[in-house]
Amino acid sequence: MKKIIYLDNNATTRIDKRVLQSMLPYLEEYYANPSGIYYFAQEVKKEIEKAREKVAKFLNATPFEIIFTSGGTESDNFAIKGIAFANREKGKHIITSSIEHHAVLNTLKYLEKQGFEITFLPVDKYGIVDIDALKESIRKDTILISIMYANNEIGTIEPIKEIGEIARNNNVYFHTDAVQAAGKIKIDVKELNVDLLSISGHKFYGPKGIGALFIRKGVKIEPVLHGGHHERNQRAGTENVAGIIGLGRACEIAEEDLKNTEIKNKKKKLKDKLEKGILEKIPEVIVNGHPEKRIDNTLNICIKYIEGESILIQLDFEGICASSGSACTSGSLEPSHVLLALGLPHEIAHGSLRFSLSKYTEEEEIDKVLEVLPGAVQKLRNLSPFWKEKKI
Amino acid sequence: MKKVIIGLSGGVDSTVAAFLLKKQGYEVTGITLKLWDEASRCCNFEEIMRAKKVCFKIGIKHYVLNLKNKFKKEVIDYFIKDYIDGLTPNPCVICNEKIKFYVLFKKMKELNYDYIATGHYAKIKKVKNKFFLSAAKDKKKTQEYFLARLDEDILKYIKFPLADFTKEEVKKIAEKQGFFIPEKESQEICFLKDKESPYKFIERFVDIEKYKGCSIYNLQGEKLKEIEEPYFKFTIGQRKGIGIGGGTPFYVFKIIANEKKILVSEEKMLYNNFCKIKNIKLFKNKNKKVFRANVKIRYLHKAAEAKILKRKGQELEIKFKKPQFAITPGQLAVLYENNTVIGSGFIN
């Protein structure tokens with residue numbers, strides 16, 4: 001197999017070896033169901049609670065406020081449906097943004113069919129939510145605001161603290177999907193004034209299939225998975241023990257890494273090199289997302305006059321993994337709702353390309369992209385009627 | 001190693017075609033085109049996943065391209081417009097020309113590949129350095145009619161691995177390899193839902209009230225009936241569903257869209273030995289004023305002997321040796337020399 005250059009780290013990341021090591025005993029030796037009353041189970045349960053403490057510390061929450069889930073999608077579903085169903089006596093209005101992840105958008109669209117009313121807030125050209133529109137759209141019957149911390153496609157960081165204040169002043173619950181923020185920027189639920197916050201393990205060097213939802217103490221919420229008395233009756237189902245242990249370890253490592261300027265600087269430097277290199281070598285490229293308020297591993301560009309799909313396939317032939325728009329399960333690309341919400345025309349959004357780096361990304365990998373990409377783009381443009389038209 | 005891009009639908013034909021190419025030693029990459037929403041018979045999640053699994057099994061790369069917008073513009077809009085204009089469209093012909101082969105060819109160039117392939121039953125024939133399209137070995141299944149609009153500059157890059165196989169042979173290969181074989185394969189238009197008529201399909205896209213109500217006349221100009229549904233519910237040569245009982249059965253003779261009129265007649269009146277065709281593509285006899293050809297006026301028609309006359313302008317006249325039943329405006333007339341396609345045009 002060709003050497004893989006993985007630049008799709010907003011989709012998932014390589015598990016940190018230390019995380020993997022921490023999990024292995026719980027896949028093999030310590031297999032007891034943590035609900036058991038015997039000591040063998042208690043040993044497992046103890047580790048789950050330790051992991052919960054690590055997750056809580058990572059978010060500056062208390063352990064009681066952390067519920068383990070199967071990942072970002074479940075956390076989002078739990079937060080939104082849980083709040084909606086528990087608070088529908090108060091009202092049926094929910095506010096969100098137009099650039100949320102589908103785990104939020106489609107959950108809300110489902111609720112819309114159930115009789116809830118959803119406001120989808122517009123964003124500016126950088127993807128920042130319109131705060132005035134948010135203030136104006138809050139009503140007496142508004143029960144929830146759900147706005148993501150950092151956007152998965154373009155990396156823009158939303159003014160979560162400000163939104164949290166607005167929510168609190170209006171006595172409305174506030175949920176943020178922090179799946180793309182976790183491990184990339186510091187998260188402090190107290191400072192941010194959020195009531196609910198979703199994270200997912202595999203986005204920051206943890207395992208797939210595990211996530212968590214922070215639920216502030218006192219928040220009125222209903223479970224969405226019913227069954228046994230797991231997770232304090234909030235989320236039924238035998239615990240994904242190894243996943244939970246792995247998530248705990250991943251949070252611990254992420255906390256250290258966030259303080260490690262060497263790791264931070266390296267990632268930023270490589271992303272900047274990639275961005276600068278592309279802009280220098282390829283004409284007619286737009287960089288999407290906010291110039292500063294952006295997670296530092298994400299570079300989303302639109303290469304005018306070509307289709308993102310064709311570039312992705314060419315990069316794939318070279319062993320470079322990147323993405324464009326949002327891929328559905330069958331792997332076909334839908335035009336990105338995020339780029340369209342920024343006001344980009346359809347044909348430009350079609351030529352979008354996202355590179356997302358990890359702490360493992362090496363300079364030679366970025367060099368390889370800068371070596372391959374300009375030629376691939378030129379070839380496609382030579383075949384593109386729009387490019388020819390433009391040159392005449 | 002020469003490189004081939006194959007269009008894969010997830011069906012048995014393209015599956016076996018991909019398998020054969022790989023066996024012949026080509027480097028093969030599969031592409032599935034997502035053309036329409038998942039409610040229709042083609043391009044649904046299952047079919048795409050099936051195509052993907054086939055590629056896993058054969059050991060080739062696979063990509064899905066989203067062409068929903070282009071398909072809507074080029075095929076669906078044309079399909080609807082033709083019916084509304086009182087014509088009978090052939091969406092497969094248009095899709096092959098404007099979508100499938102166009103996109104595969106484009107990807108071939110973009111990705112530096114050498115050939116494109118599909119699981120169609122058809123053959124590429126080289127005559128004196130010119131490339132022609134011709135019937136496949138399986139004469140019952142052969143599909144060159146649907147591909148007749150492809151130009152020579154594309155034909156020379158096409159491989160049809162099933163050209164020399166019968167459907168039965170293809171099924172046997174699939175069986176032996178453990179590929180999925182559906183119990184029944186649909187031959188109908190792919191974007192219609194199960195048992196959905198074109199009329200019901202169009203109803204979902206246009207303001208149907210505008211078109212409702214039409215009158216049925218006989219050739220003597222007598223009004224026989226008024227019906228509630230639109231004229232494009234009918235096609236030329238149709239017998240069932242006219243709803244006029246007694247005596248000799250009536251057939252749809254003509255559709256006059258702008259007057260919302262259907263003319264019906266006895267069967268014999270539908271036999272005609274003359275028609276005009278337009279949007280001509282000629283791959284041979286370009287400079288001849290008159291030539292002979294066998295002409296197929298619809299997919300399931302047996303090509304009939306005819307004389308082709310070039311008149312002024314962009315049209316051709318076709319004079320059949322024997323009268324043909326239900327020559328239908330909108331359908332593609334394909335001109336053959338033996339089994340080889342030498343041209344085509346849409347019936348006026």
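How many bridges pair β2(B) with strand β3 (residues 61–66) of chain B, and in which sense, parallel or antiparallel? In this predicted model, β2(B) and β3(B) pair in the parallel sense, and six bridges link them.

**Domains of chain A**

- The assignment for chain A gives two domains, with domain 1 covering 17–257 and domain 2 covering 261–391, and the centres of these two domains, taken over C-alpha atoms, are separated by 29 Å.
- Where the two domains of chain A touch, domain 1 of chain A contributes 19 residues and domain 2 of chain A contributes 18 residues.
- On the side of domain 1 of chain A that touches domain 2 of chain A, the residues comprise nine nonpolar, six polar and four charged.

**Domains of chain B**

- Chain B is assigned domain 1 (3–177), domain 2 (211–265) and domain 3 (271–347).
- Between the centres of domain 1 of chain B and domain 3 of chain B, taken over C-alpha atoms, there are 25 Å, and the contact between these domains involves 17 residues of domain 1 of chain B and 14 residues of domain 3 of chain B.
- To the side of domain 1 of chain B that touches domain 3 of chain B, the most is given by strand β6 (residues 130–134) of chain B, which supplies three residues.
- By residue class, that side of domain 1 of chain B holds nine nonpolar, three polar and five charged residues.

**Strands around β2(B)**

- Strand β2 (residues 27–34) of chain B is mostly covered, with seven of its eight residues buried.
- Strand β1 (residues 3–7) of chain B pairs with β2(B) in the parallel sense over five bridges, and within this pairing I6(B) has G30(B) of β2(B) as its bridge partner.
- In the pairing of β2(B) with β3(B), K34(B) has N66(B) of β3(B) as its bridge partner.

**I318(B) in strand β15**

- I318(B) lies in strand β15 (residues 316–325) of chain B, and I318(B) counts as buried because 23 other C-beta atoms lie within 10 Å, where the cut-off for a buried residue is 20 or more.
- With neighbours within four places in sequence left aside, the contacts of I318(B) are F274(B), C275(B), I277(B), V295(B), A306(B), I308(B) and A333(B).
- S344(B) is 26 residues apart from I318(B) in sequence, and the two are 11 Å apart in space, C-alpha to C-alpha.

**A three-strand sheet in chain A**

- Three strands of chain A form an open sheet in the order β9-β10-β14, with antiparallel pairing.
- The edges of this sheet are β9 (285–288) and β14 (352–356) of chain A, and each has a single partner strand, so one side of each is left without a neighbour in the sheet.
- From one strand to the next, the twist of the sheet averages 25°.
- β9(A) and strand β10 (residues 298–303) of chain A run antiparallel and are joined by four bridges, and N288(A) stands opposite N300(A) in β10(A).
- Helix α9 (residues 261–281) of chain A packs on the sheet and touches β9, β10 and β14 of chain A, and the direction of this helix makes about 10° with that of β10(A).

Conventions:
Residues numbered from 1 in each chain as written. Chains lettered and ligands numbered in written order. Predicted model: local features only at pLDDT ≥ 70, side-chain atom pairs only at ≥ 80, totals over all residues. Pairing = 2+ DSSP bridges. Helix = DSSP H or I, 4+ residues; strand = E, 2+ residues; numbered from the N terminus. Axes fitted to C-alpha atoms, helices over the stretch in contact; angles between N-to-C directions. Contact = placed C-beta atoms within 7 Å. Domains from an automatic or database assignment. Nonpolar A, V, L, I, M, F, W, Y, C, P; charged D, E, K, R; others polar. Buried ≥ 20, exposed ≤ 12 C-beta atoms within 10 Å, placed from the backbone.
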